[in-house]
Amino acid sequence: MNSFELYKKEYIDKSFERKDLFLLLRQRYKICKALYPGSFVHVTPSLVFQEVVYVDSDKNAKRFFEEIDSIKQFINLNKSYKEESSYRFMYQDYSTPIDLPYDYFDLLISQWAGPISQSCKKYLKPGGFLLANNSHADAGIAFLDHDYLLVSAIKYSNGKFKIMENKLDIYFIPKSSKIISKESLIKSGKGIAYKNTAHSYLFMKKGENILI
Ligand SMILES: C[S@@+](CC[C@H](N)C(=O)[O-])C[C@H]1O[C@@H](n2cnc3c(N)ncnc32)[C@H](O)[C@@H]1O
């Protein structure tokens, strides 16, 4: 199977590309440079963001990204910006030090791949955004982390993503009365049930000169 076939099977055929989600984020927030740990072969962010670094320890992902010509062709045919795309893949565990600058990226993407909000926070610039879902508890972890502020909930219905920036206090209210902490969520690696949920959440990384 060539690289594009794997992308097609995992993302296009399952209508799971999420290009609309990334476009929506780019329209609403200033985002050019994205870091995507646990990306697998989900190269869709490069259709929307000019500079993307993908990190994954899966050997199929490594093989996929080695097919440079077909990936470049796919990006060039489908990207929605004028500049030349710049992307790279790093074959490694994202929880080990990554040879990337600190405080650099505008967006850190965490989708179904573990506690990225913690391991990769240092590469996100203050005022930059973390896009997290809660499948591996990462959104719940970020909500309890004082370095992050919840700025929007991304709802998904009838095939459309929508950014909700108001009434955010309805989210992350646990259904159970059991005491939870950032550490317990990291340890379990599983999202808990909340009274209200969204597809994903956007958090801003706080910083000294960032007005919130
Ligand atoms: C379920 S896939 C999600 C893929 C992609 N984020 C998406 O939304 O389509 C999880 C990916 O995370 C990667 N992953 C999980 N933990 C990792 C780690 N510590 N370092 C690097 N990659 C990791 C796995 O190898 C796998 O490719």
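**A hairpin, a core and a ligand shell**

Strands S6 and S7 form a hairpin with two residues between them, and Asn158 in the turn has a positive phi of about 50°. Strands (E, at least two residues) are DSSP runs numbered from the N terminus. The model is predicted, with local features needing pLDDT of at least 70 and side-chain atom pairs counting only at pLDDT 80 or more, while totals for chains, interfaces and linings use all residues. Residues are numbered from 1 along each chain as its sequence is written.

S6 and S7 (residues 160-164) run antiparallel and are joined by five bridges; two strands pair if DSSP finds at least two bridges between them. Ala153 stands opposite Met164 in S7. S6 (residues 148-157) also pairs with S8 (residues 200-205), in the antiparallel sense, over six bridges. Here Ser152 stands opposite Leu202 in S8.

The largest nonpolar core has 52 residues. Such a core is a set of buried Ala, Val, Leu, Ile, Met, Phe, Trp, Tyr and Cys residues joined through C-beta atoms within 7 Å, where buried means that 20 or more other C-beta atoms lie within 10 Å of the residue's own, all placed from the backbone. Ala34, Leu107, Leu108, Leu130 and Phe203 have the most contacts inside this core, and its largest share, five residues, comes from strand S5 (residues 124-132). Leaving aside residues up to four places away in sequence, Leu107 touches Ile31, Ala34, Phe49, Gly128, Phe129 and Leu131, contact being C-beta atoms, placed from the backbone, within 7 Å.

Around the ligand are 16 residues, of which Gly38, Phe40, Asp58, Gln111 and Ala113 come nearest; a residue is near a molecule if its C-beta atom, placed from the backbone, lies within 6 Å of it. The shell divides into six nonpolar, seven polar and three charged residues. Ala, Val, Leu, Ile, Met, Phe, Trp, Tyr, Cys and Pro count as nonpolar, Asp, Glu, Lys and Arg as charged, and the others, Gly among them, as polar.

Definitions and conventions: Helices (H or I, at least four residues) and strands (E, at least two) are DSSP runs, numbered from the N terminus. A residue is buried if 20 or more other C-beta atoms lie within 10 Å of its own, exposed if 12 or fewer, and partly exposed in between; C-beta atoms are placed from the backbone. Two residues are in contact if their C-beta atoms, placed from the backbone, lie within 7 Å.
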